[in-house]
Amino acid sequence: MSLRLLLGGVALIFAIALQPVSAQNYKIAVVDLQKAASTSPQAEAARKKIDREFGKRDRGLLAKQKAIRTREEKLVKRSATMSEDQLGRANRDLRKLRRDFQRELDEFNEDRRLRNAEELRKLQGVVIKVTERLAKDEKYDLVLMRGVVVFANERKMDVTAKVVERLKRLAKK
């Protein structure tokens with residue numbers, strides 16, 4: 001009999017624990033931080049800033065790439081009239097130029113990727129602060145991040161547009 005009582009008690013505890021939590025008394029929202037960050041005026045400003053920072057290097061790399069192509073075309077045209085030694089030397093020089101260019105391009109891409117990540121981290125910090133301010137101002141009890149939530153009725157709960165609007169107002173200041 002005590003085993004039945006124990007099993008009944010355990011079943012009752014599970015039944016109570018598995019009851020859905022009522023969210024009627026809570027104001028809950030979902031925000032897409034990635035969307036808010038990428039569509040904000042601050043994101044556009046960061047992109048332009050990075051483009052300015054890397055513009056000179058980018059133009060330099062494009063010029064080097066064009067010079068290498070021009071040199072390749074000249075080599076193809078002149079190869080019939082060149083000696084084997086001249087052709088070998090020209091091909092080695094061209095390979096060295098390509099390797100150097102590829103190394104510079106890889107460094108450029110890595111530097112730009114790191115700079116983009118740095119600006120994104122800063123922007124995400126701003127988006128989180130704006131979201132927190134919105135949650136306090138509009139008295140939300142809980143704001144969840146999209147991608148972490150399994151399901152949410154987004155028509156009722158999504159505050160991303162409000163966050164973006166506040167980011168726009170913040171950008172005007």
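The secondary structure of the protein comprises 6 helices and 2 strands, where helices (H or I, at least four residues) and strands (E, at least two) are DSSP runs numbered from the N terminus. The model is predicted, and local features require pLDDT of at least 70 and side-chain atom pairs pLDDT 80 or more, whereas totals for chains, interfaces and linings use all residues. Residues are numbered from 1 along each chain as its sequence is written, and side-chain values rest on heavy atoms, with hydrogens and water left out.

From the N terminus on, the order of elements is α-β-α-α-α-β-α-α. Of the 173 residues of the protein, 21% count as buried; buried denotes under 20% relative accessible area, exposed over 50%, and partly exposed the range in between (1.4 Å probe, protein chains only). The accessible surface comes to about 13300 Å², of which 57% belongs to carbon and sulfur atoms, as computed by the Shrake-Rupley method with a 1.4 Å probe. Among contacts (heavy atoms within 4.5 Å) with a separation of 6 or more, 84% involve residues 24 or more positions apart.

Helix 4 has 54 residues, which at 1.5 Å a residue should span 80 Å; its end C-alpha atoms are 78 Å apart, in agreement with that value. The expected span is 1.5 Å times one less than the number of residues. Buried positions of helix 4 include Ala-90, Leu-94, Arg-115, Glu-119 and Val-127. The buried residues of this helix pack against strand 1, helix 2, helix 3, strand 2 and helix 6.

The largest nonpolar core contains 16 residues, of which Ala-36, Val-127, Val-159, Val-163 and Leu-167 touch the most other members. A nonpolar core is a set of buried Ala, Val, Leu, Ile, Met, Phe, Trp, Tyr and Cys residues joined through side-chain atoms within 4.5 Å. Two or more residues of this core come from each of strand 1 (28-31), helix 2 (33-38), helix 4 (84-137) and helix 6 (160-172); helix 4 gives the most, with 5 residues. Apart from residues up to four places away in sequence, Val-163 touches Val-31, Ala-36, Val-127, Val-130, Thr-131 and Leu-134. A second, separate core of 9 residues includes Leu-61, Ile-68, Phe-101 and Phe-108.

Leu-33, in helix 2, is buried at 15% relative accessibility. Leaving aside neighbours within four places in sequence, Leu-33 is in contact with Val-127, Ile-128, Thr-131 and Met-145. Leu-33 and Val-127 are 94 residues apart in sequence, yet their C-alpha atoms are 6.9 Å apart in space.

The count of aromatic pairs comes to 1, on the criterion that ring centres of Phe, Tyr and Trp (its six-membered ring) lie within 6.5 Å, with planes under 30 degrees apart termed stacked, over 60 edge-to-face and the rest tilted. Phe-54 and Phe-108 form this edge-to-face pair, at 5.7 Å centre to centre and 80 degrees between the planes. Phe-54 lies in helix 3 (residues 41-78) and Phe-108 in helix 4, so the pair ties together parts that are 54 residues apart in sequence. Phe-54 is buried at 7% relative accessibility, and Phe-108 is buried at 5%.

Most residues other than glycine have a negative phi. Lys-139, although not a glycine, has a positive phi of about 55 degrees. Lys-139 lies in the loop between helix 4 and strand 2 (142-145) and is exposed, with a relative accessible area of 63%. The charged end of Lys-27 sits over the ring of Tyr-140, 4.6 Å from its centre; this arrangement requires NZ of Lys or CZ of Arg within 6 Å of the ring centre and within 35 degrees of the ring normal.
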